[in-house]
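Me: Please take a close look at the charged side-chain pairs of this model. I would like a connected account of where they are placed and how exposed they are, followed by the setting in which they occur.

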Amino acid sequence: MIKMQSVSRARFIALCMGFLVLICLPALVSPYWLRIFNFILMWTLWCTSLNISMGMTGMFNMGHVINIGLGAYTSTYLFLNFGISPWVGMVAGCIVSALIAMFITYVAFRYKIAHLAYGLITMGFAFIVMYIISAIPALGAINGLNIPRKNDPFMFLFGDSVPYYYIILIFAAGTIALYRVIDKQKLGIYFKAIRENEKAAEASGINILKYKLVSSVLSAIPAAIGGTFYAQYIGFIDPHSTMGIMLVVQMILFTAVGGFGLLWGPTVACFILIPLGEKLNSILGVEYSGAPQIIYGIIVIAVILLMPDGIVGWLSHQWSLYRNRSVGSDSLREIPS
Amino acid sequence: MLILIGQCLIQGLMMGSIFGFVTIGMVLIYRVTKLLNFSHGAWLMVAMYISYILFVKFRIEPYLSVLIAFPALFLLAALVYYVVMRPLGMKGHIIMMCQVSLGLLWILENSALLVFKADYRSVQSVLSNSKFYIGPLIIKTPLFIAFLTVGIIAIVLGWVLYKTDFGLSVRAISQHEEAAKLMGINIGRVQLLVFAIGIAIMGIAGPLLVPWIVITPHAGAEFTFLGFVILILAGLGNLNGALIGGLIIGIAESFGGTFMPGALASVPAYVIFILVLCFRPQGLFGAR
């Protein structure tokens with residue numbers, strides 16, 4: 001027991017140290033790397049939010065891009081046409097994407113669409129939403145929308161990367177905290193029960209529809225916030241870059257590398273893969289476009305083959321093996337198979 | 001107007017036969033290995049580039065490149081199955097197999113991007129621009145050849161599935177894998193063969209497409225995603241349904257392309273998809 005406490009304290013201290021480093025980061029790195037860190041944190045937010053519905057609840061959610069796209073488009077539309085601050089628009093975006101996510105989940109549940117088919121259905125919805133948006137002139141159609149660059153904190157616009165960095169740091173940390181809170185609550189147990197065996201969960205009195213709806217909403221809201229951030233930070237959105245299916249493919253692969261259904265899985269994967277991709281891009285990208293992604297893909301497949309639970313799952317497994325060995329022969333029986 | 005509609009119908013039918021053909025490969029693989037193959041269209045793209053290379057380097061007529069594309073894809077797919085898919089499938093990690101196929105999609109598309117850059121390429125067959133008339137309707141010869149070939153291959157596949165021992169074991173596995181294993185069917189071998197054949201028939205579809213389609217590294221993606229729509233439309237794992245679903249989607253695409261504004265061309269296909277989902281969630285031809 002004492003040992004357990006010291007382990008969790010060590011973990012807490014490590015977490016605080018990591019957070020401290022992240023807070024001081026803008027003073028330590030060049031603007032170029034700060035930009036990359038912004039992307040890392042944005043992807044951490046997206047992948048962690050995907051992890052809530054896909055990792056914890058086991059819904060093969062290929063439509064996660066809808067949440068991001070609607071978040072980005074709602075706030076940008078309100079900002080450009082009515083001058084409403086994206087801070088408010090962000091909330092509106094959350095509401096819109098939560099409603100759409102609930103609708104899709106409800107439709108899929110109503111018609112008893114199972115595991116893999118659910119992925120296809122949500123993918124179909126993602127395409128439909130993308131095509132519809134690329135046909136609406138008020139939303140910029142296929143050409144996308146431009147957000148004017150200026151320095152206006154009330155309008156979620158800043159002159160340089162540093163304020164954006166702190167904002168996305170808070171959002172990403174908030175999403176990880178949300179995941180952690182759900183994980184420790186009864187809600188998380190319900191979610192995992194649904195993931196492991198839906199029929200058994202239903203037989204034990206869990207209202208499947210209700211918790212699937214809750215899960216998709218909890219996963220949609222951070223994603224929509226991330227979408228608004230993307231729009232404000234990049235200053236340009238179009239249907240392909242915010243709702244393209246390859247975006248969700250990339251999210252799924254990142255999360256798989258880190259470990260599905262694990263708190264730190266997406267974070268670790270993003271912190272490894274995105275700088276790696278950026279480095280490869282700067283070395284190879286100019287002459288050999290596509291080469292970085294090939295190496296990426298090979299890494300992803302290798303990780304899935306060699307560590308089915310992702311990097312974090314593998315590490316924690318190794319750690320528990322190591323700990324059990326050092327305690328003594330008594331606890332050897334507890335080694336997870 | 002009537003002629004325009006008739007033209008759309010014919011164009012759609014022929015396009016749709018290719019969609020259905022691509023989907024058949026997916027259905028076969030899904031039924032036997034329970035894998036939703038996201039990399040399917042990427043293999044089609046590989047086949048198209050194979051016939052492009054053969055055409056540019058050796059002046060081989062695109063239709064003849066089937067003879068090389070088919071075995072090449074067969075061997076590549078067998079290798080992929082052996083190295084990557086089988087270890088996962090044996091442990092029952094079906095979602096992970098899907099993830100791996102997503103990774104494969106990534107690798108294949110970007111390999112093509114690396115070798116051929118993002119340029120648009122096309123292959124001029126002797127038949128590329130030829131066409132003939134049935135009454136007032138124009139029919140492009142390469143499309144017609146594709147349509148006929150798909151029909152023939154579908155009949156051959158049907159014969160293999162329903163008249164041979166191999167087909168029997170394929171159907172047995174798709175019905176009940178455990179029971180099939182107990183009956184002495186070598187599951188691993190059948191899965192390997194079906195996976196390889198399912199992808200190798202892209203080696204037939206690719207050369208059929210190249211005379212009249214623009215080749216880009218992303219040319220296959222559209223086929224993958226429409227393939228999934230057809231898969232749902234037909235009912236997961238229904239072979240005949242996949243062909244007919246392909247025709248329906250082909251017609252919807254062709255009408256969308258003609259009568260809808262540019263960006264909305266694909267919407268009719270997806271609207272049909274949603275309608276089927278709402279009124280017949282098990283698919284048009286699905287049993288369950």
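Reply: In this predicted model, the side chains of D119(B) and R121(B) meet in a salt bridge, with an N to O distance of 3.7 Å. D119(B) counts as partly exposed because its relative accessibility is 43%. Side chains of opposite charge can pair when their charged atoms come close.

A further pair in chain B joins K181(B) to E178(B), whose closest N and O atoms are 4.0 Å apart. Both residues belong to helix α7 of chain B, residues 177-182, and are separated by three residues, about one turn of the helix. An α-helix has 3.6 residues a turn, so residues three or four places apart point the same way. K181(B) is partly exposed, at 44% relative accessibility, and E178(B) is also partly exposed, with a relative accessible area of 47%.

In chain A, K192(A) forms a salt bridge with D183(A), and here the closest N and O atoms are 2.7 Å apart. K192(A) is partly exposed at 27% relative accessibility, while D183(A), at 21%, is likewise partly exposed; the cut-off for a buried residue is under 20%. Over all chains, the structure holds five salt bridges.

Between the chains, the count of salt bridges is zero. On the side of chain B that touches chain A, the elements giving two or more residues are α3 (66-90), α4 (94-116), α10 (219-234) and α12 (267-279) of chain B. The largest share of that side, 16 residues, comes from α4(B). By class, this side of chain B has 33 nonpolar, six polar and three charged residues. The two chains bury about 3700 Å² between them, 85% of it on carbon and sulfur atoms.

Methods:
Residues are numbered from 1 along each chain as its sequence is written. Chains are lettered from A and ligands numbered from 1 in the order in which they are written. This is a predicted model: local features need pLDDT of at least 70, side-chain atom pairs count only at pLDDT 80 or more; totals for chains, interfaces and linings use all residues. Side-chain values use heavy atoms; hydrogens and water are left out. Buried area is the accessible area (1.4 Å probe) that two parts lose on being put together, summed over both. Helices (H or I, at least four residues) and strands (E, at least two) are DSSP runs, numbered from the N terminus. Ala, Val, Leu, Ile, Met, Phe, Trp, Tyr, Cys and Pro count as nonpolar, Asp, Glu, Lys and Arg as charged, and the others, Gly among them, as polar. Buried means under 20% relative accessible area, exposed over 50%, partly exposed in between (1.4 Å probe, protein chains only).
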